[in-house]
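Good morning, and thank you for making time for this presentation.

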Amino acid sequence: DPLTLVPGTEQDVFHDLAEWTEELIMLVVKYFCPVKQVIVTLGCYYAQLADPLKVMLDAEDSWLSQRLQIFVQQGEVAAPAANTVWQCWEEFGRTPKEIKPRDIEKSMKEEGLYCGDVVIWQPQTTAGPRRPGASEAPEDGDPMSCTNVRDYAESCMNHISVIVRHMSAEAPFMPDGIHSHMEIGQPCIRSLLQRTEEDSREL
């Protein structure tokens, strides 16, 4: 196990490429935390194509809960409730529209998953999709909070980074360390001569 460094049995190891068959599949698994609004990568999951997606949730101490517990202990995500109903998405492309919901009751082959595909788990929500600019706020009072991974991806695409610099009113305006005279375009010869005369007077 790459996380615990505990050696597994021969039946648990799918990394031997000599034993790899077309019926084996490796998925990159992520988790979206709707409480902290963050996505974390849980790792790679090896399974059979005929297995249903919910095989990651089988048993009380499932693979998903084991991997998720590490991020819960580190405080990166909130612990899901014990009776959580899970929802799975496939990160099919780079745009939010290409994040498709998947039926966890169906097999990976029926859902069209192939080796190397990315799936994202999250607690299922009954809330409808939220779009940027929606007037209604969720129950937690945060209007920017997203309830599913598709809305979260759309929200990230519509965010921009704004840098605000506080300038002293008495100091000269020098963005990036370059003195600015608040002139746009090429200065005329007259203004250059006038500025030279002003500089010589100061000296």
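The model is a predicted one, in which local features need pLDDT of at least 70 and side-chain atom pairs count only at pLDDT 80 or more, while totals for chains, interfaces and linings use all residues. Residues are numbered from 1 along each chain as its sequence is written, and side-chain values use heavy atoms, with hydrogens and water left out.

Let me begin with the interior. By a nonpolar core I mean a set of buried Ala, Val, Leu, Ile, Met, Phe, Trp, Tyr and Cys residues joined through side-chain atoms within 4.5 Å. Buried stands for under 20% relative accessible area, exposed for over 50%, and partly exposed for what lies in between, with a 1.4 Å probe and protein chains only. The largest such core holds 26 residues, and Leu27, Val29, Tyr31, Leu42, Met56, Met108 and Trp121 have the most contacts inside it. Which elements supply at least two residues each? They are S1, S2, H1, S3 and S5, and S1 gives the most, with five residues. In these names, H and S denote helices (H or I, at least four residues) and strands (E, at least two), taken as DSSP runs and numbered from the N terminus. There is also a second, separate core of eight residues, with Phe32, Cys146, Val149 and Ala153 among them.

I turn now to the aromatic side chains. Rings of Phe, Tyr and Trp (for Trp, the six-membered ring) are paired if their centres lie within 6.5 Å; planes under 30 degrees apart count as stacked, over 60 as edge-to-face and the rest as tilted. By this rule there are three aromatic pairs. In one of them, Tyr31 and Trp86 have ring centres 6.0 Å apart and planes at 65°, so the pair is edge-to-face. This pair links distant parts of the chain, with Tyr31 in strand S1 and Trp86 in strand S3, 55 residues apart. Both Tyr31 and Trp86 are buried. Tyr45 and Trp63 form another edge-to-face pair, at 5.1 Å centre to centre and 70° between the planes. Because Tyr45 lies in strand S2 and Trp63 in helix H1, the pair ties together parts that are 18 residues apart in sequence. Tyr45 is buried at 12% relative accessible area, and Trp63 is buried at 17%.

Next come the charged side chains. A salt bridge here is a side-chain nitrogen of Lys or Arg within 4 Å of a carboxyl oxygen of Asp or Glu. How many salt bridges does this rule give? The count is four. Lys30 bridges to Glu91, with the closest N and O atoms 3.1 Å apart. That pair connects strand S1 (residues 24–33), which holds Lys30, with strand S3 (residues 86–91), which holds Glu91, and the two residues are 61 residues apart. Lys30 is buried, at 19% relative accessible area, whereas Glu91 is partly exposed at 30%.

A further salt bridge joins Lys54 to Glu105, at 2.9 Å between the closest N and O atoms. Lys54 is in the loop between strand S2 (38–48) and helix H1 (63–73), and Glu105 is in the loop between strand S4 (99–102) and strand S5 (118–123), so the pair ties together parts 51 residues apart in sequence. Lys54 is partly exposed at 29%, and Glu105 is exposed at 51%.

Arg102 and Glu90 also meet in a salt bridge, at 2.6 Å from N to O. Since Arg102 lies in strand S4 and Glu90 in strand S3, this pair ties together parts that are 12 residues apart in sequence. Arg102 is partly exposed at 22%, while Glu90 is buried at 3%. Glu90, Arg102 and Glu111 are linked in a network of salt bridges.

Is Ser62 buried or exposed? Ser62, in the loop between S2 and H1, is buried at 6% relative accessibility. Leaving aside neighbours within four places in sequence, Ser62 is in contact (heavy atoms within 4.5 Å) with Met56 and Leu57.
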